[in-house]
Amino acid sequence: MAIAGHQKPSSDAKLFRLCPFWSSGNISSSSAYNNHSEGNAQGPSPKTVSSVARSLLPPRRRLRLDPSSYLYFPYEPGKQVKSAVRLKNTSKSRVAFKFQTTAPKSCYMRPPGGILAPGESLIATVFKFMEQPENNEKLSDQKNKVKFKIMSLKVKEGVDYVPELFDEQKDLVTVERILRVVFIDPERSSPALEKLNRQLAEADAALEARKKPPAEPGPRVIAEGLVIDEWKERREKYLARQQVQAVDSV
């Protein structure tokens, strides 16, 4: 039984359904030709084309992260716990990096940002106060509350790091990774826990090395704290030559 008023769609209607974005211009070929001939048509500016192209391309990574997707924290409710992530500049330019978190009141990073030279790496330490779980709160819910974002920005030689760099050049900022939280049992040995302890120890050693004042130039030190007295050394050599000459004369 046929339905009244139902007509078979034309081929043009089919084509429109397949490519509906064509209708956004709503310009016929003849009107487009007339506009072009009159010199009124304007093509997209190079800036617009480049910005659109950048938005379509996947972001180019400047940093390699280890771990690459997660931050591992020991699960110790009521305590401040630590995680770590290694950042390495894999580009040929100086790169500024910056951390952000969804929980700034309970988390902070050391360092929160900085600049890495090509090939340079460091281990950032992430501190988090582990809250006691609320009533009927699942561990998965507590994990999903906190995320960490690492951003990067190419900088020129001589530029010092300030957080405002990422606001001033926000169109050039790349989001490297959004890291999620994974809790691990501190009492149970695992590859993730062992790796975390190694990275934390390396980060602490690097921090202590930066705290030490630079070595001051001074006398050369040998053995167990013996300082060479250059004047005494020259005198001993002189006396030795005198003894040799005295023996030869005899």
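**View 1. The largest nonpolar core has 23 residues, and L63, F73, L87, F99 and F148 have the most contacts inside it.** A nonpolar core here is a set of buried Ala, Val, Leu, Ile, Met, Phe, Trp, Tyr and Cys residues joined through side-chain atoms within 4.5 Å. Buried means under 20% relative accessible area, exposed over 50%, and partly exposed in between, using a 1.4 Å probe and protein chains only. Two or more residues each come from β1, β2 (70-74), β3, β4, β5, β7, β8 (147-155) and β9 (174-184). In soluble globular proteins, nonpolar side chains tend to be buried together.

This is a predicted model, so local features need pLDDT of at least 70 and side-chain atom pairs count only at pLDDT 80 or more, while totals for chains, interfaces and linings use all residues. Residues are numbered from 1 along each chain as its sequence is written, and side-chain values use heavy atoms, with hydrogens and water left out.

**View 2. Here is the whole chain, for orientation.** Seven helices and 11 strands make up the list of elements; these are DSSP runs numbered from the N terminus, helices being H or I of at least four residues and strands E of at least two. Of the chain's 250 residues, 24% count as buried. The average pLDDT (the predictor's confidence in each residue, from 0 to 100) is 77, and 62% of the residues score at least 70. Residues 1-41 fall below 50, and beyond near neighbours in sequence this stretch has eight contacts in the model, a contact being heavy atoms within 4.5 Å.

**View 3. L63 and its surroundings.** Setting aside residues up to four places away in sequence, L63 touches L87, K88, N89, T90, V95, F97, L116, I150, S152 and E176. One of these, L87, has L122 as its bridge partner in β7.

**View 4. Four strands form an open, antiparallel sheet in the order β1-β3-β7-β5.** β1 (63-66) and β5 stand at the edges with a single partner strand each, so one side of each lacks a neighbour in the sheet. Neighbouring strands are turned by 25 degrees against each other on average, direction ignored. Helix α6 (residues 191-211) packs on this sheet, touching β1, β3, β5 and β7, and its direction makes about 75 degrees with that of β3. Axes are lines fitted to C-alpha atoms, for helices over the stretch in contact, and angles run from 0 to 180 degrees between N-to-C directions.

**View 5. Zooming in on the β7 pairings.** Strands pair if DSSP finds at least two bridges between them. Nine bridges join β3 (residues 80-89) to β7 (residues 121-129), antiparallel, with V81 partnered by K128. On the β5 side, β7 pairs over four bridges, again antiparallel, and R110 stands opposite T125.

**View 6. S106 sits in the loop between β4 (94-101) and β5 (107-110).** S106 counts as buried because its relative accessibility is 18%. Leaving aside neighbours within four places in sequence, S106 is in contact with F127, K128 and F129.

**View 7. F97 and F99 form an edge-to-face aromatic pair, 6.4 Å centre to centre with 90 degrees between the planes.** Rings of Phe, Tyr and Trp (its six-membered ring) pair if their centres lie within 6.5 Å; planes under 30 degrees apart count as stacked, over 60 as edge-to-face and the rest as tilted. The structure holds five aromatic pairs. F97 counts as buried at 1% relative accessibility, and F99 does too at 5%.
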